[in-house]
Number of protein chains: 2
Amino acid sequence: MTKRIDNFNAGPSALPLPVLEQAKEELLDFNGTGMSITEISHRSTAFDEVIDTAIARVKRLLNLDDNYSVLFIQGGASMQFCMVPMNLNVAGKPVDYINTGTWSTAAIKEAKIQGLDTRILASSEERNFAYIPYDVKEDGNAAYLHFTSNNTIKGTQWAKFPEPNGVPLVCDMSSDFLSRTFDVKPFGLIYAGAQKNIGPAGAAMVIIRKDMLERTPKNIPTFLKYTTFSENNSMFNTPPCFVVYIIGLVLKWLEETIGGLKNMEKLNNEKAETLYSLLDSSSFYRGTADKDSRSKMNVTFRLPNEDLEKRFVSAATKAGLEGLKGHRSVGGCRASLYNATTIEAVKSLVQFMKDFEKKEG
Amino acid sequence: MTKRIDNFNAGPSALPLPVLEQAKEELLDFNGTGMSITEISHRSTAFDEVIDTAIARVKRLLNLDDNYSVLFIQGGASMQFCMVPMNLNVAGKPVDYINTGTWSTAAIKEAKIQGLDTRILASSEERNFAYIPYDVKEDGNAAYLHFTSNNTIKGTQWAKFPEPNGVPLVCDMSSDFLSRTFDVKPFGLIYAGAQKNIGPAGAAMVIIRKDMLERTPKNIPTFLKYTTFSENNSMFNTPPCFVVYIIGLVLKWLEETIGGLKNMEKLNNEKAETLYSLLDSSSFYRGTADKDSRSKMNVTFRLPNEDLEKRFVSAATKAGLEGLKGHRSVGGCRASLYNATTIEAVKSLVQFMKDFEKKEG
């Protein structure tokens, strides 16, 4: 019998059980082809249907019109850190970034490597990124304004997006993509590494507005141009077929089982509130992010001391609650509550935390 | 019951059945973790073991010493077309290429985009790449000499590698990697898109010699540096975990079930001879590559006319023989006989071809 645990990993992370069950069921024979999804040609009608259906689902979920293209690009968000400035810079204009943590910092580094005039409009670095710097003053002169919507490591999330003053927003949504509704209009480009909310590791989903595609310079490497992907339906070369396939199944689950982003957001709010309520009512557990900046995806917290934190994580693992150790760069504890993590898993975690406090507090 | 067909796809292509069966068996619970391989952290000891074991197997299979690093990089061979010149060029030296078909041409294009002094030492373009230009004169002045060991589309393969005259060989081995034994010493870098001989689409395996790593320029994007991958055991960011996992299972099969590259080569020779014998004894089927340049991986052939070719491919599909249509850029027919394609499948194909000739010839 298959043993399954409650998975609070920060990424790669939990996938919806029905998705894995379907993938398992048809792993040797995809859709009556007599081949695994990993064995069929990406130039086949069977795979065309996989990728086209996934794209259509994303467009429906986010209300995207034909002004936006949905792309699958290998390399995760780290590849996007260099593709964004390479493709979207505009001669004579600065590129603007907001620094809210490890991944923003990494994105900023790549713009600077390319020699661009890189302005940091706001940063929460002086308090170890424990909050979102909501007061952003964009003067309207930049090629784009880049921010990270959710900070996996620091446990913060933009409750309300920055005002771009006419400049196209560019967003790394890796760790909260499709977790809530939002208005896509101010965005020139959105990217999300798949391995948190939408699938296995091995691709980023990129949503790009048509006017951004016109910026692609002619003389950069072919594989680094957004137009290479938009002009070939993400199949200039062989795409990461299995990852695209699983993303498609996750999107199907999100549309048909969950019922869309409004429902998903409601469930995610409920999960986050369940856990934050415990933190707020406890003097044993302490949330690390400012209240107006708290992430609904990654709940970061501390215990009274590091020894207790170690014992907490270890006891949780034994109790079937996986992935509660904080990122190696910050320590402490973290519970990631992505779309596929169930409210039941969160309730089990809360119960475990109460029991642990009783014993050790 | 699972129906499985005989798969002659050019890539993505057949995987060994035991590999798929194991992947299916443990898709919901990898190695007793209670999670899918797609759900576990790449920073876990469980995943460390997956990637380290895969690397150790490649090193054993190819007799690699510690002078070589084995890397997994997303983006397939197309990403390598731009990473190779970006990382391995040497100021003041030309880069040398041999043009044996579509993929060589694509690699050459990327070196030229980067403004490098790109010399084409040999080409078989004037006869539509139907042969390997064995007579290569490398003057010894280049930063590297790049060639494509097997040409998936044109059905040709280097029976004996070019003499590099002291220059590091760089090779795109995507479509015959680990299909035969060879001496790795003259090679500075070897890359192979996974989706032909070693796994699902979504990664290239890169084997790089330590002196090549010293060439990486400081100021190129982090994600495009070979050193970023070599210094982080391919885990600077989240690797394509599922693809690495399946590659590991394929390598296990290659080592433990097949018994290594000598045995694999013998089987591949037998498969190729079985099919080429038919072509050579037939006046109905006609191989397209020169005999000394024939690929043991991709057997390209024509029938007397295009109408017969269409009917051949269609009848074969109905008979459970998949993937026999030639690449859209050249037409005709092609049977890909990668490592995972069994001799039984090849014999079924030969029987089908004989029957088809009797009926239609």
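The legends below describe close-up views of a predicted model.

View 1. Thr118(A) has a relative accessibility of 14%, so the residue counts as buried, the limit being under 20%. Leaving aside residues up to four places away in sequence, Thr118(A) is in contact with Val95(A), Tyr97(A), Ile108(A), Ala111(A) and Lys112(A). Its side chain also comes to 2.9 Å from the backbone oxygen of Leu116(A).

**View 2. Contact between chain B and chain A.** Chain B contributes 62 residues to the contact and chain A contributes 62 residues. About 4900 Å² is buried between chain B and chain A, with 59% of this area on carbon and sulfur atoms. Of the area that chain B buries against chain A, 14% is supplied by Lys24(B), Leu28(B) and Glu39(B), more than by any other three residues.

**View 3. Salt bridge between Glu39(B) and Arg4(A).** The side chains of Glu39(B) and Arg4(A) form a salt bridge with an N to O distance of 2.7 Å. Two salt bridges are found across the interface of chain B and chain A. Residue pairs in polar contact between chain B and chain A number 21, counted where both residues have pLDDT 80 or more.

**View 4. Side of chain B that touches chain A.** Helices H1 (17-25), H3 (76-88), H4 (102-113) and H7 (241-258) of chain B are the elements that each give two or more residues to this side. H1(B) provides the largest share, six residues. By class, this side of chain B holds 27 nonpolar, 23 polar and 12 charged residues.

Methods
Residues numbered from 1 in each chain as written. Chains lettered and ligands numbered in written order. Predicted model: local features only at pLDDT ≥ 70, side-chain atom pairs only at ≥ 80, totals over all residues. Heavy atoms only, no water. Buried < 20%, exposed > 50% of the residue type's maximum accessible area, 1.4 Å probe, protein only. Polar contact = N/O pair within 3.5 Å; in protein donor to acceptor, adjacent residues only side chain to side chain. Contact = heavy atoms within 4.5 Å. Buried area = accessible area lost by both parts, 1.4 Å probe. Salt bridge = Lys/Arg side-chain N within 4 Å of Asp/Glu carboxyl O. Helix = DSSP H or I, 4+ residues; strand = E, 2+ residues; numbered from the N terminus. Nonpolar A, V, L, I, M, F, W, Y, C, P; charged D, E, K, R; others polar.
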